[in-house]
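I opened the notebook to look up a few things in this structure. The entries follow in the order I took them.

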Amino acid sequence: MLGINRGRAQPRANRSWPFAGMDLADSKRKSNIVGKILFVVTLTTLCIILLQQSSSFSSSTAFSHREPGVTHVLVTGGAGYIGSHAALRLLNDYYRVTIVDNLSRGNLGAVKILQGLYPDPGRLQFIYADLGDAKAVNKIFAENAFDAVIHFAAVAYVGESTLEPLRYYHNITANTLTVLEAMAAHRVKTLIYSSTCATYGEPEKMPITEDTPQVPINPYGKAKKMAEDIILDFSRNSDMAVMILRYFNVIGSDPGGRLGEAPRPELREHGRISGACFDAAAGTISGLKVHI
Ligand SMILES: NC(=O)c1ccc[n+]([C@@H]2O[C@H](COP(=O)([O-])OP(=O)(O)OC[C@H]3O[C@@H](n4cnc5c(N)ncnc54)[C@H](O)[C@@H]3O)[C@@H](O)[C@H]2O)c1
């Protein structure tokens with residue numbers, strides 16, 4: 001029995017030694033690699049935690065607390081054309097500004113210009129976030145003490161809205177509801193909403209006044225009108241002060257030439273300037289002139 005056992009055991013042992021040697025070296029190498037990976041992951045995690053703490057430390061003191069005499073305004077879409085000019089004006093007038101933008105259409109260059117002009121702590125912060133992410137929006141409101149919101153963020157091309165209506169209803173109407181809910185939850189009591197003349201559709205009587213019936217004719221105008229209705233319905237039974245701006249085609253740039261409209265090349269074909277302006281500039285319609 002012993003002999004048989006030994007006999008069986010020996011070859012097995014003989015067979016396994018060389019492999020066991022390889023296994024040992026292999027597993028040493030593997031554990032070395034795993035150790036290195038763990039070290040790098042731990043180091044990176046520590047760095048991220050340190051960075052997060054240092055950035056939230058420097059920003060939290062200024063932006064997360066109310067300060068007597070300082071009005072903190074959240075500018076959504078502040079990397080965009082109108083939002084960046086509004087932020088410039090607010091900063092110039094000593095407001096504290098937080099810009100929230102997902103840079104889907106905006107221009108980080110505009111934010112950098114503003115940061116360069118107002119580098120002092122507590123003047124301007126930029127938060128990269130999507131207003132379609134309700135959790136992120138709530139976190140922003142929880143971590144910042146806003147006094148007012150100017151809500152510019154939107155996709156804003158009539159032609160595109162007819163091709164992608166759901167995108168427009170989501171980005172404009174649903175996101176406005178998200179912002180409004182966050183404002184209500186965090187007791188922010190002033191809202192300026194950037195709506196549009198497109199909510200008037202094709203009025204029977206000109207000129208358009210605030211009494212002109214709003215009958216939008218495309219998803220962009222309809223989405224904005226719905227957002228307006230949500231805001232107005234809410235404001236009727238709350239102490240929130242709201243203002244709705246329905247402006248027409250905006251044009252021009254800051255007189256210092258630092259900011260301007262810079263739509264992405266693929267969006268230029270959706271131009272927001274009346275086709276008549278291009279016709280006039282090109283001289284294709286006689287007698288039509290552009291006055292500057
Ligand atoms: N430009 C005009 O002539 C005009 C006229 C009337 C009304 N408006 C309105 O004014 C506002 C600003 O227009 P604009 O011309 O500056 O447009 P814009 O495209 O230059 O700016 C819009 C900004 O909103 C951001 N944004 C879009 N969706 C977002 C999201 N889900 N989360 C976070 N950020 C988001 C974009 O990245 C962009 O920076 C819009 O609400 C538009 O409907 C514009």
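**Entry 1: the loop between β5 and α7.** I began with Pro 207, which sits in the loop between β5 and α7. The model is predicted, so I read everything here as computed. I checked the peptide bond from Met 206 to Pro 207 and found it cis, with omega near -5°. I noted the background: most peptide bonds are trans.

**Entry 2: positive phi.** Most residues other than glycine have a negative phi. Leu 103 has a positive one, near 55°. I placed Leu 103 in the loop between β2 (96-101) and α3 (108-117).

I found Arg 187 in the loop between α6 and β5. Arg 187 has 10 other C-beta atoms within 10 Å. The cut-off for exposed is 12 or fewer, so Arg 187 counts as exposed.

**Entry 3: the whole chain.** I stepped back to the overall layout. The chain has 8 helices and 6 strands. Along the sequence I read the pattern α-β-α-β-α-β-α-β-α-α-β-α-β-α. The chain holds 292 residues, and 27% of them are buried. I also looked at contacts between residues at least 6 apart in sequence: 72% of these join residues at least 24 apart.

**Entry 4: α6 against α7.** Two packed helices are described by the angle between their axes and the distance between the axes. I looked up both values for helix α6 (residues 165-185) and helix α7 (residues 219-236). Their axes come within 8 Å and cross at roughly 15°. Angles under 35 degrees count as roughly parallel. α6 and α7 are therefore roughly parallel to each other. The crossing of α6 past α7 is right-handed.

Which residues make the contact? From α6 I listed Pro 165, Tyr 168, Tyr 169, Ile 172, Thr 173, Thr 176, Leu 177 and Leu 180. From α7 I listed Pro 219, Tyr 220, Ala 223, Lys 224, Met 226, Ala 227, Ile 230, Ile 231 and Phe 234. By class, I have 14 nonpolar, 2 polar and 1 charged residues in the contact of α6 with α7.

**Entry 5: Leu 177.** Leu 177 has 16 other C-beta atoms within 10 Å, so it is partly exposed. I also checked Leu 177 against Ala 134, which is 43 residues away along the chain. The C-alpha atoms of Leu 177 and Ala 134 are separated by 9.7 Å.

**Entry 6: around the ligand.** I finished with the ligand. How many residues are around the ligand, and which come nearest? I have 28 residues, and the nearest are Gly 77, Gly 80, Tyr 81, Gly 106 and Ala 154. I asked which elements supply the shell. α2 (81-92), α6 and β5 (190-196) each give at least two residues. α2 gives the most, with 3 residues. By class, the shell around the ligand has 12 nonpolar, 12 polar and 4 charged residues.

Conventions
Residues are numbered from 1 along each chain as its sequence is written. This is a predicted model: local features need pLDDT of at least 70, side-chain atom pairs count only at pLDDT 80 or more; totals for chains, interfaces and linings use all residues. Axes are lines fitted to C-alpha atoms, for helices over the stretch in contact, and angles run from 0 to 180 degrees between N-to-C directions. Helices (H or I, at least four residues) and strands (E, at least two) are DSSP runs, numbered from the N terminus. Angles under 35 degrees count as roughly parallel, over 145 as roughly antiparallel, 65 to 115 as roughly perpendicular and the rest as oblique. A crossing is left-handed if the near helix is turned anticlockwise from the far one by less than a right angle, and right-handed if clockwise. Two residues are in contact if their C-beta atoms, placed from the backbone, lie within 7 Å. Ala, Val, Leu, Ile, Met, Phe, Trp, Tyr, Cys and Pro count as nonpolar, Asp, Glu, Lys and Arg as charged, and the others, Gly among them, as polar. A residue is near a molecule or strand if its C-beta atom, placed from the backbone, lies within 6 Å of it. A residue is buried if 20 or more other C-beta atoms lie within 10 Å of its own, exposed if 12 or fewer, and partly exposed in between; C-beta atoms are placed from the backbone.
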